Amino acid sequence: DYGRDEWATIDPQRTITIGDDAIPQNQWSWLKGLVVSQCVEMLEGGVWRRVNITTSSMERNPRKDTFNMSVTLSVYANESQKF
């Protein structure tokens, strides 16, 4: 139906896990906000693609200069709805 956002089950095309174990402490609030953001995009092949963060892990010790973080992204195919 026109105007209705009814989609079939959309499965991720692939997942990507990225992380770093030496992120400066001044990046903490920015990355913490990224993990709970409603819209996350990544640049791939010159095109911005919307992705979902499926899991994340952050370990922070305020007495150290750096902290650890990893995220898993679900990347979906750039295909329209299929019935």
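S2 and S3 run antiparallel and are joined by five bridges. Here strands (E, at least two residues) and helices (H or I, at least four) are DSSP runs, numbered from the N terminus. Two strands pair if DSSP finds at least two bridges between them. Glu 41 has its bridge partner in S3: Arg 50. The hairpin of S2 and S3 has two residues between the strands. Gly 45 takes a positive phi near 60° there.

This is a predicted model: local features need pLDDT of at least 70, side-chain atom pairs count only at pLDDT 80 or more, and totals for chains, interfaces and linings use all residues. Residues are numbered from 1 along each chain as its sequence is written, and side-chain values use heavy atoms, with hydrogens and water left out.

## The sheet

The four strands form an open sheet in the order S1-S4-S3-S2, with antiparallel pairing. S1 and S2 are the edge strands, each pairing on one side only. From one strand to the next, the twist averages 40°. Axes for such angles are lines fitted to C-alpha atoms, for helices over the stretch in contact, and angles run from 0 to 180 degrees between N-to-C directions.

In a regular strand, side chains alternate between the two faces of the sheet.

## Residues in the strands

Arg 49 lies in strand S3. Is Arg 49 buried or exposed? Arg 49 is buried, because its relative accessible area is 9%. The cut-offs are under 20% for buried, over 50% for exposed, and partly exposed in between (1.4 Å probe, protein chains only). The side chains of Arg 49 and Gln 13 are joined by a polar contact of 3.4 Å. A polar contact is a pair of N or O atoms within 3.5 Å; within protein, one must be able to donate a hydrogen and the other to accept it, and residues adjacent in sequence count only if both atoms are side-chain atoms.

Thr 72 sits in strand S4. Thr 72 is buried, with a relative accessible area of 15%. Its side chain makes a polar contact of 3.1 Å with the side chain of Thr 17. Asp 21 belongs to strand S1. Asp 21 counts as exposed because its relative accessible area is 57%. Asp 21 and Met 69 are 48 residues apart in sequence, yet 6.4 Å apart in space, C-alpha to C-alpha.

## Helix H1

Lys 32 is in helix H1. Lys 32 is partly exposed, at 45% relative accessibility. Ser 56 is 24 residues from Lys 32 along the chain. The C-alpha atoms of Lys 32 and Ser 56 are separated by 9.8 Å.

## The second largest pocket

The second largest pocket has a volume of about 200 Å³. Of its 14 lining residues, the closest to the centre are Ile 18, Leu 31, Leu 34, Met 69 and Val 71. Elements giving two or more residues to the lining are S1 (14–24), H1 (28–35), S2 (40–44), S3 (47–59) and S4 (66–75). Which element gives the most to this lining? S1 does, with four residues.

The lining divides into eleven nonpolar residues, one polar and two charged. Ala, Val, Leu, Ile, Met, Phe, Trp, Tyr, Cys and Pro count as nonpolar, Asp, Glu, Lys and Arg as charged, and the others, Gly among them, as polar. On a 1 Å grid over the protein atoms alone, a pocket is an open set of points with protein on both sides within 12 Å along at least five of seven lines; lining residues have an atom within 4 Å of a point. Volume is the space filled by probe spheres (1.4 Å probe) set on the points.
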